[in-house]
Amino acid sequence: MSLHTPLIAGNWKMNKTATEGVELAQAVAAAVGIESAVQVVLCPPFTALAAAVAAVEGTHLSIGAQNMHDKTNGAFTGEVSAAMLRDLHVTYVILGHSERRSLFGEDDAFINRKVNAALAASLKPILCVGELLAEREAGTTNAVVKRQLELGLAGVPAAKAEQVIIAYEPVWAIGTGKTATPAMAQEVHAFIRSLLVAQFGAETAARVRILYGGSMKPDNADALLAEHDIDGGLIGGAALEAKGFVDLVRSAARSLSR
Ligand code: PEP
């Protein structure tokens, strides 16, 4: 059992100008800014981060980035460091999203360096793991998730593990409208929890939030969030419009009273 507030994070991907992002952040903040039962994180593109931080100031919403580099500074054209994000008052960062892995060639070792760099800078990493459709069909889901999780978290001290958020995102469910059934998702979440127990001990593992991601929508969220080891959601498409996203935050709040 996990011992913490649920977390709903919106991954805006390459959507929303800074101007559009402020509108969306303000609309979400107006609806859920005082909803203290759920931690809400908005993850705009880099160009909208500063404006989004300003837009949610004074609410309990947090802002996350969608990526970062593991080095502190230097000749890495087009990249940003953890310190640059912290300087903007960004507090979370999505790492190892399947689009970064498949479209930009990021491997587990690079993602692991980013996880450790984020923690060193007091950013909370949202580490994404999940299998491809072919891997699920071949029966290798657990092996894939185990590899991504163990390599991704290598070197993370138990004292910092609670700062890490895991997002289980079956790649075949991302942006496709196909969702893992609650039972399928719970099975993998429980497996992830067992891996966290092995690495960090039961008490710490119970405090790590494990989010589900992959076509989570208002009409399937209640059932997913009712599962024992599903501690929130990483939301793509449904995070681009305030009403649907706020409905998901409300689902997460309802899951606490069940
Ligand atoms: C994602 O990209 O992290 C995601 C979960 O997207 P969607 O909700 O659109 O499937």
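Which residues are the closest to the ligand? They are Lys-13, His-97, Glu-169, Gly-175 and Ser-215, out of 14 residues that surround the ligand. The model is predicted.

**Ligand surroundings**

- The shell around the ligand is made up of 8 polar, 4 nonpolar and 2 charged residues.
- His-97 places a polar side-chain atom 2.8 Å from an oxygen atom of the ligand.
- For Gly-175, a backbone N or O atom is found 2.7 Å from an oxygen atom of the ligand.
- Ser-215 likewise has a backbone N or O atom 2.7 Å from an oxygen atom of the ligand.
- On its own the ligand has 300 Å² of accessible area, and the protein covers 97% of it.

**Arg-100**

- Leaving aside residues up to four places away in sequence, Arg-100 touches Asn-67, Gly-105 and Glu-106.
- With Glu-106 there is also a polar contact between the two side chains, at 3.0 Å.

**Met-84**

- Met-84 and Arg-193 are 109 residues apart along the chain, and 32 Å separates their C-alpha atoms.

Definitions and conventions: Residues are numbered from 1 along each chain as its sequence is written. This is a predicted model: local features need pLDDT of at least 70, side-chain atom pairs count only at pLDDT 80 or more; totals for chains, interfaces and linings use all residues. Side-chain values use heavy atoms; hydrogens and water are left out. A polar contact is a pair of N or O atoms within 3.5 Å; within protein, one must be able to donate a hydrogen and the other to accept it, and residues adjacent in sequence count only if both atoms are side-chain atoms. Contact means heavy atoms within 4.5 Å. A residue is near a molecule or strand if one of its heavy atoms lies within 4 Å of it. Accessible areas come from the Shrake-Rupley method with a 1.4 Å probe; for residues, only the protein chains shown count as cover. Ala, Val, Leu, Ile, Met, Phe, Trp, Tyr, Cys and Pro count as nonpolar, Asp, Glu, Lys and Arg as charged, and the others, Gly among them, as polar.
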